[in-house]
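User: I am new to this structure and would like to know what stands behind the terms used for it. Please set each value against its definition.

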Amino acid sequence: MKNRIKLVLAQISCKRGDKQRNLQRMEEVLLEAKKQSSDLVIFPELCVTGYANRDQFYELAETIPGPSAEKIEEFARQNDLHVIFGMPELSGKTKGTLYNTAALIGPEGLIGKYRKMHLPTHSVFEEKRYFRLGYQAAAFETALGTVGLCICYDIFFPELIRLIRLQGAQLIVCISASPAVRKEYFEILTAARAIENTAYLAYVNLAGVEEGLQFWGGSRLIGPTGTVIAKAKYDEPDLVFCELDPRDLRPAEAFIPTLRDLRPELFDKLKLESEKI
Amino acid sequence: MKLDSSVLEIDLVETAKRATRFIKEYVETSGTEGIVIGLSGGVDSNTIAALTSRAIGGDRVLGLMLPEEETRSEKDIEDAVTVAKQFDLKTQICDITPALRSFYKSIPIFDQSDKLCKGNMKARTRMIYLYYYANKMNTIVCGSSDKSETMMGYFTKWGDGAADIYPIIDLYKTQVRRLAEHLGLPKEISEKPSTPALWPKQLAETELGIRYNTLDLILYGIERFMDSEEIAGQLNLEKATVETIRAKWLYSEHKRRGLLGPKLSYRTIGADFRIPRDPY
(Lines give C-alpha, C1' and ligand atoms only; values in the text may rest on other atoms or scores of the structure.)
Protein backbone atom coordinates (compact mmCIF):
# COMPACT_ATOMS: atom_id res chain seq x y z
CA MET A 1 0.00 0.00 0.00
CA LYS A 2 1.23 3.51 -0.76
CA ASN A 3 2.12 5.69 2.19
CA ARG A 4 -0.46 8.32 1.44
CA ILE A 5 -3.50 7.65 -0.67
CA LYS A 6 -5.49 10.53 -2.05
CA LEU A 7 -9.18 9.82 -2.36
CA VAL A 8 -12.09 11.60 -3.91
CA LEU A 9 -15.52 10.93 -2.42
CA ALA A 10 -17.56 11.73 -5.50
CA GLN A 11 -21.01 12.37 -4.09
CA ILE A 12 -22.87 13.01 -7.30
CA SER A 13 -26.55 13.11 -8.15
CA CYS A 14 -27.63 11.10 -11.15
CA LYS A 15 -29.97 11.73 -14.00
CA ARG A 16 -32.06 8.65 -13.63
CA GLY A 17 -31.89 6.42 -16.69
CA ASP A 18 -29.46 8.65 -18.58
CA LYS A 19 -26.19 6.74 -18.77
CA GLN A 20 -24.62 9.14 -21.20
CA ARG A 21 -25.16 12.12 -18.97
CA ASN A 22 -24.00 10.25 -15.86
CA LEU A 23 -20.85 8.97 -17.56
CA GLN A 24 -20.14 12.50 -18.71
CA ARG A 25 -20.42 13.75 -15.13
CA MET A 26 -18.13 10.94 -13.96
CA GLU A 27 -15.58 11.92 -16.58
CA GLU A 28 -15.69 15.54 -15.38
CA VAL A 29 -15.05 14.39 -11.83
CA LEU A 30 -12.14 12.21 -12.95
CA LEU A 31 -10.54 15.12 -14.77
CA GLU A 32 -10.84 17.19 -11.60
CA ALA A 33 -9.39 14.31 -9.59
CA LYS A 34 -6.45 14.10 -11.96
CA LYS A 35 -5.78 17.82 -11.47
CA GLN A 36 -5.62 17.22 -7.73
CA SER A 37 -3.25 14.24 -8.21
CA SER A 38 -5.76 11.85 -6.66
CA ASP A 39 -5.28 8.10 -6.52
CA LEU A 40 -8.78 6.73 -6.11
CA VAL A 41 -12.18 8.16 -7.01
CA ILE A 42 -15.26 6.57 -5.47
CA PHE A 43 -18.73 7.05 -6.94
CA PRO A 44 -22.06 5.96 -5.39
CA GLU A 45 -24.13 2.83 -5.85
CA LEU A 46 -25.76 2.45 -9.30
CA CYS A 47 -24.38 5.85 -10.29
CA VAL A 48 -24.18 4.97 -13.99
CA THR A 49 -27.96 4.69 -14.24
CA GLY A 50 -29.38 6.21 -11.05
CA TYR A 51 -31.13 4.13 -8.42
CA ALA A 52 -34.89 4.16 -8.92
CA ASN A 53 -35.22 2.64 -12.37
CA ARG A 54 -37.75 -0.07 -11.61
CA ASP A 55 -38.45 -2.25 -14.69
CA GLN A 56 -36.09 -0.15 -16.78
CA PHE A 57 -33.17 -1.84 -15.10
CA TYR A 58 -33.68 -4.61 -17.65
CA GLU A 59 -32.99 -2.15 -20.44
CA LEU A 60 -30.19 -0.28 -18.69
CA ALA A 61 -28.09 -3.15 -17.33
CA GLU A 62 -24.85 -4.04 -19.09
CA THR A 63 -22.23 -6.67 -18.67
CA ILE A 64 -18.98 -5.79 -16.92
CA PRO A 65 -16.85 -5.50 -19.01
CA GLY A 66 -19.33 -3.78 -21.30
CA PRO A 67 -19.81 -0.39 -22.95
CA SER A 68 -20.14 1.74 -19.79
CA ALA A 69 -17.44 -0.07 -17.83
CA GLU A 70 -15.12 0.22 -20.83
CA LYS A 71 -15.79 3.93 -21.03
CA ILE A 72 -14.82 4.28 -17.37
CA GLU A 73 -11.74 2.11 -17.99
CA GLU A 74 -10.75 4.55 -20.70
CA PHE A 75 -11.18 7.52 -18.33
CA ALA A 76 -9.18 5.71 -15.64
CA ARG A 77 -6.38 4.89 -18.06
CA GLN A 78 -6.23 8.43 -19.45
CA ASN A 79 -6.13 9.96 -15.99
CA ASP A 80 -4.03 7.31 -14.28
CA LEU A 81 -6.66 6.76 -11.61
CA HIS A 82 -8.36 3.98 -9.71
CA VAL A 83 -12.13 4.23 -9.85
CA ILE A 84 -14.92 2.52 -7.93
CA PHE A 85 -18.47 2.89 -9.16
CA GLY A 86 -21.81 1.13 -9.17
CA MET A 87 -24.05 -0.02 -11.98
CA PRO A 88 -26.69 -2.64 -12.80
CA GLU A 89 -24.78 -5.57 -14.22
CA LEU A 90 -26.24 -7.98 -16.72
CA SER A 91 -25.03 -11.53 -16.35
CA GLY A 92 -22.86 -12.61 -19.26
CA LYS A 93 -24.58 -15.97 -19.32
CA THR A 94 -28.25 -15.04 -19.33
CA LYS A 95 -30.37 -12.27 -20.76
CA GLY A 96 -32.44 -11.27 -17.78
CA THR A 97 -30.31 -11.87 -14.70
CA LEU A 98 -29.07 -8.67 -13.12
CA TYR A 99 -26.77 -7.80 -10.26
CA ASN A 100 -26.31 -4.63 -8.28
CA THR A 101 -22.56 -4.38 -8.77
CA ALA A 102 -19.60 -2.31 -7.65
CA ALA A 103 -16.65 -2.33 -10.02
CA LEU A 104 -13.05 -1.46 -9.27
CA ILE A 105 -11.03 -0.23 -12.19
CA GLY A 106 -7.37 0.76 -12.22
CA PRO A 107 -5.19 2.52 -14.76
CA GLU A 108 -4.54 -0.90 -16.29
CA GLY A 109 -8.18 -1.86 -16.56
CA LEU A 110 -10.80 -3.81 -14.61
CA ILE A 111 -9.42 -5.14 -11.33
CA GLY A 112 -12.55 -6.77 -9.99
CA LYS A 113 -16.19 -6.45 -9.19
CA TYR A 114 -18.46 -7.15 -6.26
CA ARG A 115 -22.10 -8.18 -6.57
CA LYS A 116 -24.20 -6.92 -3.69
CA MET A 117 -24.92 -9.73 -1.24
CA HIS A 118 -27.64 -8.12 0.85
CA LEU A 119 -30.40 -6.74 -1.31
CA PRO A 120 -32.93 -4.65 0.63
CA THR A 121 -36.47 -5.63 -0.19
CA HIS A 122 -38.47 -3.97 2.50
CA SER A 123 -39.86 -0.52 3.17
CA VAL A 124 -39.35 1.47 -0.06
CA PHE A 125 -36.72 -0.91 -1.41
CA GLU A 126 -37.40 -3.54 -4.04
CA GLU A 127 -33.93 -4.72 -5.02
CA LYS A 128 -34.62 -8.47 -4.90
CA ARG A 129 -37.34 -7.91 -7.44
CA TYR A 130 -34.67 -6.98 -9.97
CA PHE A 131 -31.32 -8.27 -8.79
CA ARG A 132 -29.84 -11.64 -8.05
CA LEU A 133 -27.88 -11.93 -4.82
CA GLY A 134 -24.12 -11.90 -5.05
CA TYR A 135 -22.26 -14.84 -3.53
CA GLN A 136 -18.70 -13.59 -3.07
CA ALA A 137 -17.21 -11.12 -0.64
CA ALA A 138 -14.64 -9.04 -2.44
CA ALA A 139 -11.24 -7.69 -1.46
CA PHE A 140 -8.83 -6.86 -4.26
CA GLU A 141 -5.11 -6.27 -4.23
CA THR A 142 -4.25 -3.09 -6.05
CA ALA A 143 -1.29 -0.78 -6.42
CA LEU A 144 -2.90 1.24 -3.62
CA GLY A 145 -3.17 -1.71 -1.27
CA THR A 146 -6.00 -4.14 -0.62
CA VAL A 147 -9.42 -2.63 -1.11
CA GLY A 148 -12.66 -4.32 0.01
CA LEU A 149 -16.01 -3.50 -1.54
CA CYS A 150 -19.50 -3.52 -0.16
CA ILE A 151 -22.73 -1.82 -1.14
CA CYS A 152 -25.11 0.16 1.04
CA TYR A 153 -27.32 -2.27 3.04
CA ASP A 154 -24.30 -4.62 3.33
CA ILE A 155 -23.03 -2.28 6.05
CA PHE A 156 -25.75 -3.65 8.36
CA PHE A 157 -24.03 -7.05 8.23
CA PRO A 158 -20.82 -6.98 10.27
CA GLU A 159 -19.92 -10.53 9.25
CA LEU A 160 -19.48 -9.49 5.62
CA ILE A 161 -17.30 -6.51 6.47
CA ARG A 162 -15.28 -8.69 8.86
CA LEU A 163 -14.74 -11.19 6.07
CA ILE A 164 -13.52 -8.48 3.72
CA ARG A 165 -11.17 -7.28 6.42
CA LEU A 166 -9.88 -10.79 7.02
CA GLN A 167 -9.28 -11.09 3.30
CA GLY A 168 -6.82 -8.29 3.79
CA ALA A 169 -8.78 -5.14 3.05
CA GLN A 170 -7.28 -2.13 4.77
CA LEU A 171 -9.63 0.23 3.04
CA ILE A 172 -13.26 -0.81 3.01
CA VAL A 173 -15.35 1.03 0.45
CA CYS A 174 -19.10 1.18 0.85
CA ILE A 175 -20.96 2.73 -2.05
CA SER A 176 -24.52 3.65 -1.30
CA ALA A 177 -27.88 4.99 -2.41
CA SER A 178 -29.38 5.67 0.97
CA PRO A 179 -32.51 7.78 1.37
CA ALA A 180 -32.85 10.30 4.16
CA VAL A 181 -34.79 8.33 6.74
CA ARG A 182 -31.82 5.96 7.08
CA LYS A 183 -29.20 8.62 7.76
CA GLU A 184 -28.74 7.99 11.48
CA TYR A 185 -28.23 4.26 10.96
CA PHE A 186 -25.52 4.75 8.39
CA GLU A 187 -23.73 7.37 10.41
CA ILE A 188 -23.45 4.94 13.30
CA LEU A 189 -22.78 1.79 11.31
CA THR A 190 -20.06 3.18 9.08
CA ALA A 191 -18.11 4.30 12.15
CA ALA A 192 -18.77 1.00 13.91
CA ARG A 193 -17.54 -1.10 10.97
CA ALA A 194 -14.35 0.97 10.80
CA ILE A 195 -13.69 0.68 14.55
CA GLU A 196 -14.48 -3.00 14.96
CA ASN A 197 -12.27 -3.88 12.01
CA THR A 198 -9.55 -1.28 12.60
CA ALA A 199 -9.74 -0.34 8.96
CA TYR A 200 -10.31 2.76 6.91
CA LEU A 201 -13.84 3.01 5.63
CA ALA A 202 -14.91 5.23 2.76
CA TYR A 203 -18.66 5.66 2.47
CA VAL A 204 -19.98 7.36 -0.67
CA ASN A 205 -23.67 8.06 -0.98
CA LEU A 206 -25.81 9.50 -3.74
CA ALA A 207 -27.26 13.00 -3.48
CA GLY A 208 -30.42 14.23 -5.17
CA VAL A 209 -33.98 12.99 -5.45
CA GLU A 210 -35.32 10.07 -7.47
CA GLU A 211 -38.95 8.95 -7.35
CA GLY A 212 -39.49 10.71 -4.04
CA LEU A 213 -36.39 9.09 -2.50
CA GLN A 214 -34.18 11.83 -1.15
CA PHE A 215 -30.60 10.65 -0.95
CA TRP A 216 -28.89 12.29 1.98
CA GLY A 217 -25.29 12.46 0.79
CA GLY A 218 -23.09 12.74 3.88
CA SER A 219 -20.26 10.68 2.30
CA ARG A 220 -17.27 10.27 4.55
CA LEU A 221 -13.84 8.82 5.12
CA ILE A 222 -13.52 7.23 8.54
CA GLY A 223 -10.25 6.30 10.15
CA PRO A 224 -9.50 2.97 11.86
CA THR A 225 -10.41 4.34 15.30
CA GLY A 226 -13.67 5.85 14.08
CA THR A 227 -12.50 9.39 13.47
CA VAL A 228 -14.35 11.09 10.63
CA ILE A 229 -11.44 12.33 8.55
CA ALA A 230 -13.53 14.04 5.90
CA LYS A 231 -17.21 14.46 5.28
CA ALA A 232 -19.32 15.65 2.38
CA LYS A 233 -22.35 17.92 2.59
CA TYR A 234 -25.73 16.51 3.39
CA ASP A 235 -28.34 16.25 0.61
CA GLU A 236 -26.48 17.97 -2.20
CA PRO A 237 -23.75 16.88 -4.61
CA ASP A 238 -20.24 17.39 -3.31
CA LEU A 239 -16.70 16.34 -4.07
CA VAL A 240 -14.47 15.70 -1.11
CA PHE A 241 -10.74 15.38 -1.57
CA CYS A 242 -9.09 13.60 1.33
CA GLU A 243 -6.16 11.42 2.26
CA LEU A 244 -5.49 8.30 4.24
CA ASP A 245 -2.25 7.02 5.62
CA PRO A 246 -2.04 3.22 5.95
CA ARG A 247 0.73 3.60 8.49
CA ASP A 248 -1.97 4.63 10.96
CA LEU A 249 -3.40 1.13 10.90
CA ARG A 250 -0.71 -0.36 13.13
CA PRO A 251 -1.22 1.94 16.11
CA ALA A 252 -4.97 1.55 15.73
CA GLU A 253 -4.71 -2.25 15.69
CA ALA A 254 -2.46 -2.18 18.72
CA PHE A 255 -4.81 0.15 20.59
CA ILE A 256 -8.01 -1.82 19.94
CA PRO A 257 -6.77 -5.26 18.86
CA THR A 258 -10.07 -6.69 17.63
CA LEU A 259 -8.40 -8.71 14.92
CA ARG A 260 -5.89 -10.24 17.34
CA ASP A 261 -8.70 -11.09 19.74
CA LEU A 262 -11.04 -12.70 17.22
CA ARG A 263 -12.57 -16.01 18.30
CA PRO A 264 -13.02 -18.15 15.19
CA GLU A 265 -15.04 -20.79 17.04
CA LEU A 266 -17.88 -18.27 17.31
CA PHE A 267 -18.25 -18.15 13.55
CA ASP A 268 -19.21 -21.82 13.34
CA LYS A 269 -21.94 -21.17 15.88
CA LEU A 270 -22.99 -18.05 14.06
CA LYS A 271 -23.56 -20.11 10.93
CA LEU A 272 -25.50 -22.79 12.76
CA GLU A 273 -27.71 -20.34 14.64
CA SER A 274 -28.37 -18.13 11.65
CA GLU A 275 -29.72 -21.13 9.77
CA LYS A 276 -32.28 -21.67 12.51
CA ILE A 277 -33.98 -18.26 12.83
CA MET B 1 -43.38 0.22 22.65
CA LYS B 2 -44.65 3.15 24.66
CA LEU B 3 -47.54 4.96 23.05
CA ASP B 4 -47.78 8.57 24.15
CA SER B 5 -47.68 11.97 22.50
CA SER B 6 -43.87 11.94 22.39
CA VAL B 7 -43.90 9.30 19.64
CA LEU B 8 -45.46 11.83 17.30
CA GLU B 9 -42.69 14.35 17.78
CA ILE B 10 -40.76 15.02 14.59
CA ASP B 11 -37.76 17.06 13.57
CA LEU B 12 -39.68 20.00 12.16
CA VAL B 13 -36.73 21.64 10.43
CA GLU B 14 -35.79 18.41 8.68
CA THR B 15 -39.41 17.58 7.84
CA ALA B 16 -40.01 20.99 6.29
CA LYS B 17 -36.79 20.71 4.34
CA ARG B 18 -37.62 17.27 2.96
CA ALA B 19 -41.19 18.17 2.02
CA THR B 20 -39.98 21.33 0.32
CA ARG B 21 -37.29 19.51 -1.57
CA PHE B 22 -39.78 16.89 -2.69
CA ILE B 23 -42.10 19.56 -4.11
CA LYS B 24 -39.31 21.45 -5.83
CA GLU B 25 -37.85 18.35 -7.45
CA TYR B 26 -41.23 17.19 -8.69
CA VAL B 27 -42.07 20.51 -10.31
CA GLU B 28 -38.62 20.74 -11.87
CA THR B 29 -38.79 17.30 -13.44
CA SER B 30 -42.43 17.53 -14.45
CA GLY B 31 -41.75 20.24 -16.99
CA THR B 32 -44.57 22.39 -15.64
CA GLU B 33 -44.68 26.03 -14.63
CA GLY B 34 -45.84 25.76 -11.06
CA ILE B 35 -48.51 24.55 -8.70
CA VAL B 36 -52.21 25.00 -8.09
CA ILE B 37 -53.64 24.21 -4.68
CA GLY B 38 -57.13 24.20 -3.26
CA LEU B 39 -57.05 26.75 -0.46
CA SER B 40 -59.82 26.03 2.01
CA GLY B 41 -58.51 28.10 4.89
CA GLY B 42 -57.87 24.98 7.00
CA VAL B 43 -54.61 23.85 8.52
CA ASP B 44 -53.69 21.28 5.85
CA SER B 45 -54.10 23.49 2.81
CA ASN B 46 -52.50 26.45 4.55
CA THR B 47 -49.51 24.27 5.44
CA ILE B 48 -49.31 23.28 1.79
CA ALA B 49 -49.44 26.95 0.85
CA ALA B 50 -46.41 27.60 3.05
CA LEU B 51 -44.46 24.58 1.80
CA THR B 52 -45.11 25.15 -1.90
CA SER B 53 -44.18 28.79 -1.54
CA ARG B 54 -40.92 27.83 0.15
CA ALA B 55 -40.25 25.23 -2.53
CA ILE B 56 -40.77 27.20 -5.73
CA GLY B 57 -41.71 30.73 -4.67
CA GLY B 58 -45.22 32.02 -4.03
CA ASP B 59 -45.45 33.68 -7.43
CA ARG B 60 -45.56 30.22 -9.02
CA VAL B 61 -48.30 28.95 -6.74
CA LEU B 62 -51.98 29.64 -7.26
CA GLY B 63 -54.28 29.19 -4.30
CA LEU B 64 -57.76 28.49 -5.56
CA MET B 65 -60.63 29.16 -3.15
CA LEU B 66 -63.70 27.16 -4.10
CA PRO B 67 -66.64 28.02 -1.86
CA GLU B 68 -70.24 26.99 -2.46
CA GLU B 69 -73.49 28.32 -1.06
CA GLU B 70 -74.14 25.76 1.71
CA THR B 71 -70.75 25.78 3.38
CA ARG B 72 -69.31 29.15 2.40
CA SER B 73 -67.44 30.66 5.33
CA GLU B 74 -66.13 34.21 5.17
CA LYS B 75 -63.80 33.34 8.04
CA ASP B 76 -62.25 30.49 6.03
CA ILE B 77 -61.79 32.77 3.04
CA GLU B 78 -60.25 35.41 5.26
CA ASP B 79 -57.84 32.86 6.77
CA ALA B 80 -56.88 31.59 3.33
CA VAL B 81 -56.23 35.12 2.10
CA THR B 82 -54.15 35.91 5.21
CA VAL B 83 -51.91 32.90 4.62
CA ALA B 84 -51.72 33.51 0.88
CA LYS B 85 -50.52 37.06 1.58
CA GLN B 86 -48.05 35.82 4.16
CA PHE B 87 -46.46 33.47 1.63
CA ASP B 88 -46.92 35.66 -1.47
CA LEU B 89 -49.27 33.26 -3.22
CA LYS B 90 -51.53 34.29 -6.05
CA THR B 91 -55.18 33.58 -5.26
CA GLN B 92 -58.45 33.33 -7.10
CA ILE B 93 -61.99 32.67 -5.88
CA CYS B 94 -64.38 30.59 -7.95
CA ASP B 95 -67.82 30.04 -6.50
CA ILE B 96 -68.70 26.50 -7.55
CA THR B 97 -72.41 26.88 -6.69
CA PRO B 98 -73.64 27.31 -10.31
CA ALA B 99 -71.74 24.20 -11.42
CA LEU B 100 -73.15 22.20 -8.52
CA ARG B 101 -76.69 23.35 -9.24
CA SER B 102 -76.30 22.21 -12.83
CA PHE B 103 -75.18 18.80 -11.63
CA TYR B 104 -78.10 18.56 -9.21
CA LYS B 105 -80.52 19.45 -11.98
CA SER B 106 -79.07 17.20 -14.63
CA ILE B 107 -78.93 13.98 -12.63
CA PRO B 108 -82.31 12.24 -12.84
CA ILE B 109 -81.79 10.33 -9.61
CA PHE B 110 -80.31 13.24 -7.68
CA ASP B 111 -81.32 13.08 -4.01
CA GLN B 112 -81.04 16.32 -2.03
CA SER B 113 -81.35 14.49 1.26
CA ASP B 114 -78.34 12.25 0.68
CA LYS B 115 -75.71 14.59 2.05
CA LEU B 116 -72.82 12.15 1.61
CA CYS B 117 -73.35 11.68 -2.13
CA LYS B 118 -73.96 15.39 -2.52
CA GLY B 119 -70.94 16.27 -0.41
CA ASN B 120 -68.69 13.99 -2.45
CA MET B 121 -69.94 15.72 -5.57
CA LYS B 122 -68.75 19.03 -4.09
CA ALA B 123 -65.29 17.62 -3.46
CA ARG B 124 -65.15 16.20 -6.98
CA THR B 125 -66.34 19.47 -8.48
CA ARG B 126 -63.51 21.26 -6.66
CA MET B 127 -61.15 18.71 -8.21
CA ILE B 128 -62.48 19.57 -11.69
CA TYR B 129 -61.74 23.25 -11.11
CA LEU B 130 -58.26 22.53 -9.79
CA TYR B 131 -57.40 20.35 -12.77
CA TYR B 132 -58.85 22.84 -15.21
CA TYR B 133 -56.51 25.50 -13.87
CA ALA B 134 -53.60 23.08 -13.78
CA ASN B 135 -54.26 22.02 -17.34
CA LYS B 136 -54.75 25.54 -18.62
CA MET B 137 -51.75 27.02 -16.81
CA ASN B 138 -49.41 24.06 -17.23
CA THR B 139 -49.07 23.47 -13.53
CA ILE B 140 -49.55 20.49 -11.24
CA VAL B 141 -52.19 19.98 -8.57
CA CYS B 142 -50.71 19.71 -5.10
CA GLY B 143 -52.87 17.81 -2.64
CA SER B 144 -53.13 18.55 1.06
CA SER B 145 -54.18 15.15 2.39
CA ASP B 146 -52.58 14.15 5.67
CA LYS B 147 -51.87 10.67 6.99
CA SER B 148 -54.69 10.61 9.55
CA GLU B 149 -57.49 11.28 7.10
CA THR B 150 -55.89 9.19 4.38
CA MET B 151 -55.55 6.15 6.66
CA MET B 152 -59.14 6.63 7.82
CA GLY B 153 -60.43 6.96 4.27
CA TYR B 154 -61.78 10.32 5.38
CA PHE B 155 -61.64 11.92 1.96
CA THR B 156 -63.51 11.78 -1.31
CA LYS B 157 -62.13 9.34 -3.83
CA TRP B 158 -61.21 11.33 -6.98
CA GLY B 159 -62.22 14.48 -5.06
CA ASP B 160 -59.88 15.97 -2.50
CA GLY B 161 -58.01 12.66 -2.79
CA ALA B 162 -57.01 13.52 -6.38
CA ALA B 163 -53.73 15.36 -6.92
CA ASP B 164 -50.35 14.93 -8.54
CA ILE B 165 -48.37 15.11 -5.31
CA TYR B 166 -49.15 14.89 -1.60
CA PRO B 167 -46.33 16.50 0.37
CA ILE B 168 -47.83 15.97 3.84
CA ILE B 169 -49.46 12.57 3.31
CA ASP B 170 -46.90 10.95 5.59
CA LEU B 171 -47.68 13.25 8.53
CA TYR B 172 -50.44 12.70 11.05
CA LYS B 173 -52.77 15.62 11.69
CA THR B 174 -51.16 16.51 15.02
CA GLN B 175 -47.79 16.58 13.26
CA VAL B 176 -49.19 18.82 10.51
CA ARG B 177 -50.38 21.24 13.17
CA ARG B 178 -46.88 21.42 14.65
CA LEU B 179 -45.36 21.82 11.21
CA ALA B 180 -47.84 24.62 10.45
CA GLU B 181 -46.75 26.46 13.55
CA HIS B 182 -43.10 25.87 12.71
CA LEU B 183 -43.67 27.34 9.25
CA GLY B 184 -45.02 30.50 10.83
CA LEU B 185 -48.76 30.06 10.35
CA PRO B 186 -50.88 31.92 12.90
CA LYS B 187 -51.80 29.77 15.90
CA GLU B 188 -55.52 30.19 15.24
CA ILE B 189 -54.97 28.49 11.87
CA SER B 190 -52.60 25.78 13.08
CA GLU B 191 -55.11 24.87 15.79
CA LYS B 192 -58.26 25.40 13.77
CA PRO B 193 -60.70 22.46 13.85
CA SER B 194 -60.68 20.58 10.55
CA THR B 195 -63.65 20.31 8.23
CA PRO B 196 -63.97 18.86 4.75
CA ALA B 197 -66.70 21.50 4.09
CA LEU B 198 -69.05 19.07 2.39
CA TRP B 199 -72.09 20.18 4.38
CA PRO B 200 -72.83 22.93 6.91
CA LYS B 201 -71.25 22.70 10.37
CA GLN B 202 -69.36 19.55 9.45
CA LEU B 203 -66.40 18.94 11.77
CA ALA B 204 -63.91 16.17 11.20
CA GLU B 205 -63.44 15.17 14.84
CA THR B 206 -67.18 15.04 15.47
CA GLU B 207 -67.72 12.93 12.42
CA LEU B 208 -64.81 10.62 13.12
CA GLY B 209 -66.00 10.35 16.70
CA ILE B 210 -62.54 10.79 18.16
CA ARG B 211 -60.03 13.55 18.86
CA TYR B 212 -57.09 13.70 16.49
CA ASN B 213 -54.51 13.45 19.27
CA THR B 214 -55.99 10.06 20.27
CA LEU B 215 -56.69 8.95 16.72
CA ASP B 216 -53.13 9.66 15.67
CA LEU B 217 -51.74 7.53 18.46
CA ILE B 218 -54.03 4.65 17.50
CA LEU B 219 -52.95 4.96 13.87
CA TYR B 220 -49.32 5.17 14.95
CA GLY B 221 -49.76 1.91 16.86
CA ILE B 222 -51.44 0.26 13.86
CA GLU B 223 -48.65 1.47 11.61
CA ARG B 224 -46.15 -0.23 13.88
CA PHE B 225 -47.99 -3.56 13.91
CA MET B 226 -49.29 -3.23 17.50
CA ASP B 227 -52.40 -5.27 18.23
CA SER B 228 -55.65 -3.58 19.25
CA GLU B 229 -55.52 -4.82 22.82
CA GLU B 230 -52.10 -3.33 23.40
CA ILE B 231 -53.05 0.00 21.83
CA ALA B 232 -56.27 0.19 23.84
CA GLY B 233 -54.47 -0.73 27.04
CA GLN B 234 -51.83 1.94 26.64
CA LEU B 235 -54.30 4.66 25.69
CA ASN B 236 -56.98 3.68 28.23
CA LEU B 237 -59.53 3.08 25.52
CA GLU B 238 -62.09 0.39 24.89
CA LYS B 239 -60.67 -2.28 22.59
CA ALA B 240 -63.76 -1.78 20.40
CA THR B 241 -62.73 1.83 19.73
CA VAL B 242 -59.39 0.71 18.38
CA GLU B 243 -61.03 -2.08 16.41
CA THR B 244 -63.38 0.42 14.78
CA ILE B 245 -60.47 2.60 13.70
CA ARG B 246 -58.62 -0.46 12.42
CA ALA B 247 -61.67 -1.55 10.43
CA LYS B 248 -62.05 1.89 8.87
CA TRP B 249 -58.41 1.83 7.86
CA LEU B 250 -58.68 -1.62 6.29
CA TYR B 251 -62.03 -1.01 4.64
CA SER B 252 -60.87 2.19 2.94
CA GLU B 253 -57.82 0.69 1.24
CA HIS B 254 -59.69 0.79 -2.09
CA LYS B 255 -59.55 4.59 -1.90
CA ARG B 256 -55.79 4.63 -1.58
CA ARG B 257 -55.01 2.26 -4.42
CA GLY B 258 -54.19 3.28 -7.97
CA LEU B 259 -55.49 1.62 -11.07
CA LEU B 260 -56.83 -1.82 -10.31
CA GLY B 261 -57.71 -4.36 -12.95
CA PRO B 262 -57.45 -8.08 -13.53
CA LYS B 263 -54.15 -9.60 -14.57
CA LEU B 264 -54.73 -10.48 -18.22
CA SER B 265 -51.42 -10.01 -19.97
CA TYR B 266 -47.64 -9.88 -19.72
CA ARG B 267 -47.13 -6.66 -17.78
CA THR B 268 -50.21 -5.16 -16.15
CA ILE B 269 -50.73 -1.45 -15.53
CA GLY B 270 -51.10 -0.76 -11.84
CA ALA B 271 -49.65 -4.13 -10.87
CA ASP B 272 -46.37 -5.32 -12.37
CA PHE B 273 -45.81 -2.74 -15.11
CA ARG B 274 -43.42 -0.78 -12.93
CA ILE B 275 -41.64 2.15 -14.47
CA PRO B 276 -40.29 5.37 -12.97
CA ARG B 277 -42.37 8.53 -13.17
CA ASP B 278 -39.97 10.90 -14.85
CA PRO B 279 -39.09 9.95 -18.42
CA TYR B 280 -35.56 10.13 -19.75
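**Terms and values**

Analyst: Leaving aside neighbours within four places in sequence, Asp79(B) is in contact (heavy atoms within 4.5 Å) with Gly41(B), Asn46(B), Ile189(B) and Lys192(B). Asp79(B) is found in helix α3 of chain B; helices (H or I, at least four residues) and strands (E, at least two) are DSSP runs, numbered from the N terminus. This is a predicted model, in which local features need pLDDT of at least 70 and side-chain atom pairs count only at pLDDT 80 or more, while totals for chains, interfaces and linings use all residues. Residues are numbered from 1 along each chain as its sequence is written, chains are lettered from A and ligands numbered from 1 in the order in which they are written, and side-chain values use heavy atoms, with hydrogens and water left out.

User: Why is Asp79(B) called buried?

Analyst: Buried means under 20% relative accessible area, exposed over 50%, and partly exposed in between (1.4 Å probe, protein chains only). Asp79(B) has a relative accessible area of 3%, so it is buried.

User: Is Ser190(B) buried or exposed?

Analyst: The relative accessible area of Ser190(B) is 1%, so this residue is buried. Ser190(B) sits in helix α8 (residues 187-190) of chain B. Beyond its neighbours within four places in sequence, Ser190(B) is in contact with Val43(B), Arg177(B), Ala180(B) and Glu181(B). Arg177(B) is 13 residues from Ser190(B) along the chain, and their C-alpha atoms are separated by 5.0 Å.

User: What makes Lys201(B) exposed?

Analyst: Lys201(B) has a relative accessible area of 84%, so it counts as exposed. This residue is found in the loop between α8 and α9 (204-208) of chain B. Lys201(B) has a positive phi of about 60° although it is not a glycine.

User: Why is Ser37(A) called partly exposed?

Analyst: Its relative accessible area is 47%, so Ser37(A) is partly exposed. Ser37(A) lies in the loop between α1 (19-35) and β2 (40-42) of chain A, and has a positive phi of about 55° although it is not a glycine.

User: What makes the bond between Ile64(A) and Pro65(A) a cis peptide bond?

Analyst: Omega is about 0° for the cis peptide bond that joins them. Pro65(A) lies in the loop between α2 (57-60) and α3 (67-79) of chain A.

User: How do you know how compact chain A is?

Analyst: Chain A has eight helices and 14 strands. Its radius of gyration is 18 Å, close to the 19 Å that the globule rule gives for 277 residues, so chain A is as compact as a globular protein of that length. The radius is taken over C-alpha atoms, and the globule rule is 2.2 Å times the number of residues to the power 0.38. Of the 277 residues of chain A, 58% count as buried.

User: What is the volume of the largest cavity, and which classes of residue line it?

Analyst: The largest cavity holds about 70 Å³ of space. A cavity is a set of points, on a 1 Å grid over the protein atoms alone, where a 1.4 Å probe fits but cannot get out; lining residues have an atom within 4 Å of a point. Grid points are joined across faces, edges and corners, and a volume is the space filled by probe spheres set on the points. The lining has seven nonpolar, two polar and one charged residues. Ala, Val, Leu, Ile, Met, Phe, Trp, Tyr, Cys and Pro count as nonpolar, Asp, Glu, Lys and Arg as charged, and the others, Gly among them, as polar. Among the lining residues are His122(A), Ser178(A) and Arg182(A).

Technical notes
On a 1 Å grid over the protein atoms alone, a cavity is a set of points where a 1.4 Å probe fits but cannot get out, and a pocket is an open set with protein on both sides within 12 Å along at least five of seven lines; lining residues have an atom within 4 Å of a point.
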